Amino acid sequence: MLRTLQRALCTVAAGTLLGLGVNAVSPRRIPWLRPPRITVPAANQIALEKARRLWEGGDAVFLDARATNAFVAGHIAGALSLPVESFDAAFPSVRSRLATEQALVLYCDGERCDDSIRLLLKLRPLGYTNTHVLVNGWTLWQRAKLPTTKGDAP
Amino acid sequence: MKCFVPVLLRLLLGAVFVAAGALKALDPAAFANDVARYGLLPDAAVNVVALALPWVEVLAGALLIIGWWRQTAALVIAAMNVLFLAAVSLALARGLEVCGCFGAAVARKASAWTLVEDAALLAAAIWVCQTKGDNDETNRGGN
């Protein structure tokens, strides 16, 4: 039993070293320390109710800041995919559909998700100032049983 | 005649963990986000755990498949399943829409069914861990 426990610790240690080692040479490497999370200032937040009214009136474009596969698995109906992780590659195709004065509602998923505020910080210098973050947007939208769709990134 | 069920179960359990680990390891940034969204770890620990966990899964799964250190591998897998059960239970209790179970490529949300799967995997791991086999570590002197 003791030996099995020792070997279990060895397995965990070996897996950890393997993971850190592979990461060191991987093109998809991530830092060991996670960059500090950016919190959304209250002034940039939009309440679900207000976002819903903008959506119903067609008065805002919704931008999904999550990864493409999350978008494909399900997103707010009519939203455009603009993953913050691949902003430079994804933005040109979205740009033509946005006027700078256009109201934008950015969302990702989870109370702790900072993808949408990071997207806002990328959009603001480009002139998009009418931008709002729906914190925990995807979860809240689904919970409120508001319209969603699945499918390819537009 | 030897029963093939224990061998089959061991191979299946190993394959599930190799697959689950490999899918997570393919996209470490996405898996790190999933780990962070559980909200159970301090931010400083998130990335290291997200880098290590998939490879521990792959390693333990591979050991089970090749049948080397069988009990050890089953123990590690059982321990991971206990952690997964706890994490998913807490996430469900707090209404979080997160799973990360098979990496970000398999977009799915944790549900009661996830708990059933985890419990089944845990039971299988415990069973493999305690069954005596021809490559049982405790019956052999050394490796």
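How many bridges join strand 4 of chain A to strand 5 of chain A? Here are some friendly notes, with that pairing taken up in point 3.

1. A word on the model first. This is a predicted model, in which local features need pLDDT of at least 70 and side-chain atom pairs count only at pLDDT 80 or more, while totals for chains, interfaces and linings use all residues. Residues are numbered from 1 along each chain as its sequence is written, and chains are lettered from A and ligands numbered from 1 in the order in which they are written.

2. Chain A overall. You will find six helices and six strands in chain A, where helices (H or I, at least four residues) and strands (E, at least two) are DSSP runs numbered from the N terminus. Their order along the sequence is α-α-β-α-β-β-α-β-α-β-α-β. Chain A has 154 residues, and 35% of them count as buried, that is, with 20 or more other C-beta atoms within 10 Å of their own, the C-beta atoms being placed from the backbone. Of the chain A contacts between residues at least 6 apart in sequence, 67% join residues at least 24 apart; a contact here means C-beta atoms, placed from the backbone, within 7 Å.

3. The sheet. Four strands of chain A form an open sheet in the order 3-1-4-5, with parallel pairing; two strands pair if DSSP finds at least two bridges between them. Strand 3 (80-81) and strand 5 (131-134) of chain A are the edge strands, each pairing on one side only. As for the opening question, four bridges join strand 4 (residues 103-107) to strand 5 of chain A, and the two run parallel. Tyr107(A) has Leu134(A), in strand 5 of chain A, as its bridge partner.

4. Where the chains meet. Chain B brings 34 residues to the contact and chain A brings 31 residues. On the chain B side, helix 2 (28-38), helix 3 (43-66) and helix 4 (70-93) each supply at least two residues. Helix 3 of chain B gives the most, with 13 residues. By class, this side of chain B has 25 nonpolar, four polar and five charged residues, counting Ala, Val, Leu, Ile, Met, Phe, Trp, Tyr, Cys and Pro as nonpolar, Asp, Glu, Lys and Arg as charged, and the others, Gly among them, as polar.

5. One residue to look at. Asn81(B) lies in helix 4 of chain B and counts as buried because it has 22 C-beta neighbours inside 10 Å. Leaving out residues up to four places away in sequence, Asn81(B) touches Asp118(B), Leu121(B), Leu122(B) and Ala125(B). Asn81(B) and Ala125(B) are 44 residues apart in sequence and 8.7 Å apart in space, C-alpha to C-alpha.

How values were computed:
Buried ≥ 20, exposed ≤ 12 C-beta atoms within 10 Å, placed from the backbone. Contact = placed C-beta atoms within 7 Å.
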